[in-house]
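Subject: Structure handover

Hello,

Here is the structure you will be taking over. Please open it first, then read the notes below.

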Amino acid sequence: MMLITLKSLHIVAIAVWAGGLIALPALLRRDDEMSSRAAIVRLHHFSRFAYDALVSPAAVLAIATGTALIFFVVADDWLFLKLVAVAGMVGVHMLIGRVLDQLESPDAHPTTWKRAALLAGAVVTILAVLALVLGRPSIPESWMPGWLLEGQGAELPLVSDGGSAGSSSSGRETPT
């Protein structure tokens, strides 16, 4: 039951976060269509509110629940690439926040290429995460750095119970 709740929270948080990463750059494009400076300021305040009150908490919840889910699954090689794609989502998230900060100055106006780059970055990283999660591709060992494939000749703390090197205290086999 806990695993289902955790996965459900994770999926909802990812949906809100991903939706926000796509919607916020699109909202920034709307200021060209606004007739007055007051309407532009209201749009920027709404965008900042959505970023601070909805998208950022969803990102934190998605990362926290995703981290907790790692303890319930065996880490396959695709997971490492997914974490890189999630780091890309975090980077886009931070860049959107930076643009929103810059919009607080009275003469600020985001350039078209900056808005397009934010939207493209969001779409690419979100699609990468989806492709890796849904496809769960097998990554060739030749793509992995050697240090990641080598053991260090010692047991991991809190994983081995002093018995065999391949089992943990939970009875599940640890990935090598």
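Serine 8 counts as partly exposed, because its relative accessibility is 39%. The classes run as follows: buried is under 20% relative accessible area, exposed is over 50%, and partly exposed is in between (1.4 Å probe, protein chains only). Serine 8 sits in helix α1. Helices here are DSSP runs of H or I with at least four residues, strands are E runs of at least two, and both are numbered from the N terminus. Threonine 65 is 57 residues away from serine 8 in sequence, yet their C-alpha atoms are 9.4 Å apart in space.

A word on the source. This is a predicted model, where local features need pLDDT of at least 70, side-chain atom pairs count only at pLDDT 80 or more, and totals for chains, interfaces and linings use all residues. Residues are numbered from 1 along each chain as its sequence is written, and side-chain values use heavy atoms, with hydrogens and water left out.

Now the whole chain. It has 5 helices and 0 strands. Of its 176 residues, 30% count as buried. Take the contacts (heavy atoms within 4.5 Å) with a separation of 6 or more: 75% of them join residues 24 or more positions apart.

Back to helix α1. It covers residues 2-29, and its 28 residues should span 40 Å at 1.5 Å a residue; the end C-alpha atoms are 41 Å apart, which agrees. The expected span is 1.5 Å times one less than the number of residues. Among the buried residues of α1 are Leu6, His10, Ala13, Trp17 and Leu21. Their cover includes α2 (37-70), α3 (77-102) and α4 (112-135).

Which residues form the nonpolar patch on the surface? They are Met2, Leu3, Ile70, Phe71, Phe72, Val73, Phe80 and Leu83, with about 750 Å² of accessible area together. Helices α1 and α3 each give two or more residues to this patch. Patch residues have over 30% relative accessible area and no salt bridge; nonpolar side chains (Val, Leu, Ile, Met, Phe, Trp, Tyr) are joined within 5 Å, like charges within 9 Å. A salt bridge puts a side-chain nitrogen of Lys or Arg within 4 Å of a carboxyl oxygen of Asp or Glu. Areas come from the Shrake-Rupley method with a 1.4 Å probe; for residues, only the protein chains shown count as cover. Methionine 2 is exposed, because its relative accessible area is 60%.

One last item. Arginine 136 lies in the loop between α4 and α5 (146-149). Its phi is near 40°, a positive value in a residue other than glycine. Most residues other than glycine have a negative phi.

Best wishes
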